[in-house]
Amino acid sequence: MPKVYNWQIGREMDYRFANGPAKLQFAAVFNTNRCIACQTCTMACKTTWTFSPGQELMWWNNVETKPYGGFPQHWDVNILTLQEKANPGGQTWDVSKKDPAKAPYGSFSGKTIFETADQVNNMVTGYIPPEDDWKAPNIFEDAATKHSPTGVSLPEHAGWFFYLQRICNHCTYPACLAACPRNAVYKREEDGIVLIDQNRCRGYRKCVEACPYKKSMYRPTTRTSEKCVGCYPRVEGTDPLTEGLPMETRCMTACIGKIRLQGLVKVGADGLWIEDRQNPLYYLVNVAKVALPLYPQFGTQPNVYYIPPRWVPRDYLRQMFGPGVDDAIAAYMNPSRETLAVLQLFRATQSIVFSYKVEQGPKTGELNVGGQKRELFNDTVIGYDSRGKEIVRVAVDEPVIERPSQVAMNTI
Ligand code: SF4
Ligand code: SF4
Ligand code: SF4
């Protein structure tokens with residue numbers, strides 16, 4: 001079994017294949033603090049990719065209400081339970097082994113889903129959810145842990161819920177790929193998007209069983225498995241809207257709450273991200289450290305990152321996003337000028353932003369956040385496409401535009 005390096009768990013691990021020759025990796029940052037669960041992203045994906053017979057229960061994108069909801073139901077609790085059973089009491093982190101480049105969250109001392117499998121009959125620990133569990137993309141919508149008649153406040157709400165936006169993570173070490181006995185699942189060298197070759201797939205559902213995020217799904221009418229395709233024609237730049245330039249996916253560009261930013265990051269042969277400080281995703285994940293992977297302890301090195309919700313009990317968040325949670329929330333609550341500017345790029349353009357620059361603006365005010373004084377500046381962030389050409393320019397202060405009174409009169 002080859003050894004690969006997984007920087008999210010800060011150590012080497014066993015994986016069925018050695019690192020492939022990827023150059024760029026599909027990645028995204030989701031800001032859970034801003035999502036309104038409108039499901040526009042969900043419908044954007046549904047109406048593009050999964051509107052045909054046999055795909056009725058397929059939601060490649062879904063937004064679920066935590067802690068009770070899940071699609072399929074209880075997917076994460078079920079995997080965590082299987083892992084705990086396989087390694088009782090051992091699923092812990094060693095945060096003393098932090099290293100900024102190779103182990104930013106410390107080292108995971110427990111076992112990944114590859115390491116708890118017997119690797120003879122199964123390459124990955126997993127399960128196939130029963131059909132009933134796939135019936136609702138947001139079951140227990142808006143159900144809070146408890147009602148709080150006296151009100152709640154930061155840092156932790158007594159009664160709480162939050163929305164978790166989920167697509168395939170186009171993992172660096174995909175469990176679906178490792179588990180497929182037909183080698184029908186493959187990861188593209190040019191963008192790291194993980195696809196299922198429909199001609200090779202025989203519907204054994206090993207990928208459905210193996211994916212810890214349950215983002216590979218079985219289609220009974222074709223007897224094959226299908227999954228999020230990362231809207232690859234858009235990422236390739238073959239959509240006429242952007243005239244040959246890489247464009248963000250349907251679920252990203254449709255986002256009403258402006259919580260999503262997607263792009264491509266440079267990766268090395270060792271699976272590590274190559275330093276690219278002016279790439280907004282690289283900046284948010286590796287420099288500002290406000291965005292974290294979902295369940296990094298599973299070991300697939302997922303490429304969708306989350307800015308954690310500020311009001312949720314930290315133990316719950318540490319289990320879900322790893323030990324980087326406290327630092328990420330602190331960095332988001334008190335953002336640097338640069339972080340505040342980069343956050344304005346969310347949903348400012350459909351084209352993929354490959355790099356950015358911040359132009360400093362005048363001081364516009366002061367705020368008191370959690371007892372700390374903050375100065376506000378109207379800086380401007382400029383985004384550049386894959387050719388280095390400016391494609392977007394956004395100021396931190398949103399301009400107020402008043403309609404002329406004449407126009408207002410005419411509309412009465
Ligand atoms: S999230 Fe699941 S389906 Fe997607 S690449 Fe990772 S293991 Fe495969
Ligand atoms: S990236 Fe495309 S295929 Fe994947 S969930 Fe989003 S809209 Fe659907
Ligand atoms: S479109 Fe955006 S705001 Fe609406 S549910 Fe999806 S991620 Fe949340």
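Reader: Where does helix 7 lie, and at what angle to strand 12 is it running?

Author: In this predicted model, helix 7, residues 280-287, lies across strand 3, strand 12 and strand 14. Against strand 12 the helix runs at about 90°.

Reader: OK, and those strands, in which order do they form a sheet?

Author: The order is 12-3-14-13, four strands in an open sheet with mixed pairing.

Reader: Which strands stand at the edges there?

Author: Strand 12 (260-266) and strand 13 (292-293). Each has a single partner strand, so one side of each is left without a neighbour in the sheet.

Reader: How many bridges join strand 3 to strand 14?

Author: Four, and the two strands run parallel. Strand 3 covers residues 24-31 and strand 14 covers residues 304-307. If you want a spot to look at, Val 29 stands opposite Tyr 305 in strand 14.

Reader: Switching topic: which residues come nearest to ligand 1?

Author: Cys 168, Cys 171, Pro 174, Cys 176 and Cys 211, out of 14 residues around the ligand.

Reader: And how do the residues of that shell divide into nonpolar, polar and charged?

Author: Eight are nonpolar, four are polar and two are charged.

Reader: Over how many bridges do strand 18 and strand 19 pair?

Author: Five, with strand 18 spanning residues 380-384. Within that pair, Thr 380 stands opposite Ala 395 in strand 19.

Reader: Remind me, what do strands of a sheet pair through?

Author: Backbone hydrogen bonds, in either a parallel or an antiparallel arrangement.

Reader: Zooming out, how many helices and strands are there in the protein?

Author: Eleven helices and 19 strands. The radius of gyration is 22 Å, close to the 22 Å that the globule rule gives for 412 residues, so the protein is as compact as a globular protein of that length.

Reader: What does the C-alpha trace span along its principal axes?

Author: About 70 × 50 × 45 Å.

Reader: What percentage of the residues count as buried?

Author: 44% of the 412 residues. As for contacts between residues at least 6 apart in sequence, 63% join residues at least 24 apart.

How values were computed. Residues are numbered from 1 along each chain as its sequence is written. Chains are lettered from A and ligands numbered from 1 in the order in which they are written. This is a predicted model: local features need pLDDT of at least 70, side-chain atom pairs count only at pLDDT 80 or more; totals for chains, interfaces and linings use all residues. Two strands pair if DSSP finds at least two bridges between them. A residue is near a molecule or strand if its C-beta atom, placed from the backbone, lies within 6 Å of it. Ala, Val, Leu, Ile, Met, Phe, Trp, Tyr, Cys and Pro count as nonpolar, Asp, Glu, Lys and Arg as charged, and the others, Gly among them, as polar. Two residues are in contact if their C-beta atoms, placed from the backbone, lie within 7 Å. Axes are lines fitted to C-alpha atoms, for helices over the stretch in contact, and angles run from 0 to 180 degrees between N-to-C directions. The radius of gyration is taken over C-alpha atoms; the globule rule is 2.2 Å times the number of residues to the power 0.38. A residue is buried if 20 or more other C-beta atoms lie within 10 Å of its own, exposed if 12 or fewer, and partly exposed in between; C-beta atoms are placed from the backbone.
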